[in-house]
Amino acid sequence: MRRLRSIVLLLCLALLGGCKAVVLDPSGDVALQQRNDLLASVGLMLLVIVPVMVLTVLFAWHYRQSNTSARYEPDWDHSTQLELVIWGFPLLIIIALGALTWMGTHLLDPYRPLDRIAEGEPVPAKAKPVEVEVVALDWKWLFIYPQYGIATLNQVAAPVNQQVEFRITSSSVMNAFYIPAMAGMIYAMPGMETELHAVINKTGTFEGFSANYSGDGFAGMHFHLTSLSAGDFDKWVAKVKADGGALDRNTYLDLERPSQNLPPKTYGTVDASLFKLAVNQCVDPGKMCHDEMMAIDARGGLGLAGINNVMPLVYDKYARRGIGPMHAYVAALCQRGSTTETAASAADLARQIKAPVQLPSLQPAAE
């Protein structure tokens with residue numbers, strides 16, 4: 001029996017040997033500070049949990065039925081000293097946890113530029129961060145380097161000990177950008193831009209992935225971060241440029257189509273406005289950008305001049321997959337007035353766009 005226990009224990013240890021404790025052994029300063037906050041929080045909470053578990057065992061043993069020497073005090077109901085320990089000690093721990101959380105939340109704010117690249121090593125005063133624009137696609141990751149005019153698919157590189165500024169968005173649904181060895185998880189959302197400032201302090205290859213379920217190809221949304229020395233990073237940039245390939249709007253629209261497990265790819269040139277267009281959901285030519293639409297809405301709207309700005313995304317849920325119409329138009333605007341006038345304006349619009357229109361049954365608005 002003892003030999004069997006030893007074998008089972010060894011098998012369990014062997015299974016644990018395949019685990020990567022990357023969260024507890026990170027390679028970037030931001031992830032390291034987050035790890036330290038996690039360990040400090042766990043340690044503070046254990047100051048309560050461990051004594052409670054130990055005392056539970058001791059009380060059960062001391063007041064067991066066979067221990068006739070244990071004091072029996074059925075009328076005991078209050079102890080000031082015990083109350084101070086029970087309430088005061090956890091209260092102090094909660095205060096310490098609150099202070100730790102407050103400081104960590106502000107110092108490690110992903111939108112906040114870094115003030116150090118490692119413990120005791122501040123960011124050089126004139127050092128510029130490496131900018132990386134990230135677009136979560138169905139189901140792959142696109143990385144654009146605006147400072148170098150290059151882009152990569154399902155792979156990203158960064159120099160060691162240099163701040164990296166990620167600007168993140170999504171083409172369709174919400175994803176989560178996560179490189180555990182470098183920093184925490186940041187959401188990628190369509191029509192929005194999030195940020196992450198981080199640094200990697202060791203050379204090597206590290207895993208990145210999406211941590212938010214986003215459909216059929218979610219399991220394949222993996223990429224690798226390669227951290228290089230400053231000289232090797234410059235060589236990598238030069239190689240990507242030399243390998244050629246252009247990432248323009250048409251290429252992006254092809255990439256935007258749902259696909260799975262695409263191999264890594266590089267692009268030697270990239271449209272400088274592509275990320276802004278991706279954020280504003282208007283890479284497709286002829287589609288109004290979100291920032292333009294919001295500016296128009298802020299000025300009171302376009303009225304009849306804006307009725308053709310409802311063309312759906314080329315790859316939206318139904319139209320983008322070839323199910324249903326590829327274009328949509330407003331047949332009539334709801335407004336106060338006679339039904340005859342509204343129907344007539346809709347018919348005129350139908351003749352202008354040369355498409356059949358199903359005229360709705362309109363009722364005058366209530367006074």
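Modeller: Two strands pair if DSSP finds at least two bridges between them; strands (E, at least two residues) and helices (H or I, at least four) are DSSP runs, numbered from the N terminus. The model is predicted: local features need pLDDT of at least 70, side-chain atom pairs count only at pLDDT 80 or more, and totals for chains, interfaces and linings use all residues. Residues are numbered from 1 along each chain as its sequence is written, and side-chain values use heavy atoms, leaving out hydrogens and water.

Colleague: In which sense do strands E7 and E10 pair?

Modeller: Strand E7 covers residues 164–170. Its residue Val-164 has Ala-198 in E10 as bridge partner. Over 5 bridges, the sense of the E7 and E10 pairing is antiparallel.

Colleague: Which strands are the edge strands of the open sheet of 6 strands?

Modeller: The order in this sheet is E10-E7-E3-E4-E5-E14, with mixed pairing. Two of these strands pair on one side only, and these edge strands are E10 (194–198) and E14 (265–267).

Colleague: Is Val-270 buried or exposed?

Modeller: Val-270 lies in strand E15, residues 269–270. Its contacts (heavy atoms within 4.5 Å), not counting residues up to four places away in sequence, are Ile-144, Gly-149, Ile-150, Ala-151 and Leu-247. Buried means under 20% relative accessible area, exposed over 50% and partly exposed in between, with a 1.4 Å probe and protein chains only. Because its relative accessible area is 19%, Val-270 is buried.
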